Amino acid sequence: LRGEGRTSLNEALSRYAAMQPGGGVAVLMSDLLDPSGFQPGLRALQERGFEVHVIHVLSPEDLDPGSDPTLRGELRLIDPETGEARALRIDEQALAGYRERLAQFLADAEQFCRSHAIGYHRASTASSVESLVMGSLRGRLLD
């Protein structure tokens with residue numbers, strides 16, 4: 001399947017939770033970048049008795065856009081999910097602001113998960129799924 005178009009993470013998770021008879025393990029692999037948020041959807045899964053784990057996946061460019069020299073100057077960026085285009089000027093000040101907001105977003109996501117007994121694992125798309133899963137399993141088995 002090819003992902004495209006607008007989605008609502010909360011709606012999808014809540015709908016899935018409502019369709020399940022209850023219980024089990026739910027693993028969400030997502031960038032969590034949804035304007036509607038993700039917290040109510042994760043809580044809906046927990047309310048149905050799921051043990052919830054989040055694999056928070058971001059690309060290397062999301063994590064450090066300053067490392068890509070093509071992401072400088074005057075740019076026109078297009079959101080692949082909505083098709084919305086935005087003209088931006090990317091300079092050191094813009095990158096610093098982005099890094100601050102990203103750090104806060106990552107900290108908030110992790111804090112929410114930890115405070116609600118939701119497993120939280122951060123990953124880069126530069127890593128293989130196998131190494132991510134095996135690393136998480138090893139860590140869990142050794143804890």
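# Reading a predicted fold

Analyst: Buried residues make up 30% of the 143 residues in the protein. Buried means under 20% relative accessible area, exposed means over 50%, and partly exposed lies in between (1.4 Å probe, protein chains only). The model is predicted: local features need pLDDT of at least 70, side-chain atom pairs count only at pLDDT 80 or more, and totals for chains, interfaces and linings use all residues. Residues are numbered from 1 along each chain as its sequence is written, and side-chain values use heavy atoms, with hydrogens and water left out.

User: How many helices and strands does the protein have, and in what order do the elements run?

Analyst: Elements are DSSP runs numbered from the N terminus: helices are H or I, at least four residues, and strands are E, at least two. Here there are 5 helices and 5 strands. From the N terminus, the order is α-β-α-β-α-β-β-α-β-α.

User: What share of the contacts joins residues at least 24 apart?

Analyst: A contact means heavy atoms within 4.5 Å. Take the contacts between residues at least 6 apart in sequence: 72% of them join residues at least 24 apart.

User: Which residues have the most contacts inside the largest nonpolar core?

Analyst: A nonpolar core is a set of buried Ala, Val, Leu, Ile, Met, Phe, Trp, Tyr and Cys residues joined through side-chain atoms within 4.5 Å. The largest one holds 21 residues. Leu 32, Phe 38, Leu 42, Leu 45, Val 54, Cys 113 and Ile 118 have the most contacts inside it. Two or more residues each come from α1 (9-19), β1 (24-30), α2 (39-47), β2 (50-58) and α4 (92-115). Helix α4 gives the most, with 5 residues. Leaving out residues up to four places away in sequence, Leu 45 touches Leu 13, Tyr 16, Ala 17, Ala 26, Phe 50 and Val 52.

User: Now the outside. Which residues form a nonpolar patch on the surface?

Analyst: Areas come from the Shrake-Rupley method with a 1.4 Å probe; for residues, only the protein chains shown count as cover. The protein exposes about 9500 Å², and carbon and sulfur atoms supply 55% of that area. A nonpolar patch joins Val, Leu, Ile, Met, Phe, Trp and Tyr side chains within 5 Å, from residues with over 30% relative accessible area and no salt bridge. Here Val 25, Val 27, Met 29 and Val 129 form one, with about 370 Å² of accessible area together. Strand β1 supplies the largest share, 3 residues. Met 29 sits in β1 and is partly exposed, at 47% relative accessible area.

User: How many salt bridges does a search of the whole structure find?

Analyst: Side chains of opposite charge can pair when their charged atoms come close. The test is a side-chain nitrogen of Lys or Arg within 4 Å of a carboxyl oxygen of Asp or Glu. The search finds 7. One of them joins Glu 11 to Arg 15, with the closest N and O atoms 2.9 Å apart. The two lie 4 residues apart in helix α1, so about one helical turn separates them.

User: Which residues are linked with Glu 110 in a network of salt bridges?

Analyst: Arg 114 and Arg 122. Glu 110 and Arg 114 both lie in helix α4, 4 residues apart. Their closest N and O atoms are 3.2 Å apart. Glu 110 is partly exposed at 26% relative accessible area, and Arg 114 is partly exposed at 49%. The side chains of Glu 110 and Arg 122 also make a polar contact (3.2 Å). That term means N or O atoms within 3.5 Å, one able to donate a hydrogen and the other to accept it within protein; residues adjacent in sequence count only if both atoms are side-chain atoms.

Notes. Patch = residues over 30% accessible without salt bridge, like charges linked within 9 Å, V, L, I, M, F, W, Y side chains within 5 Å.
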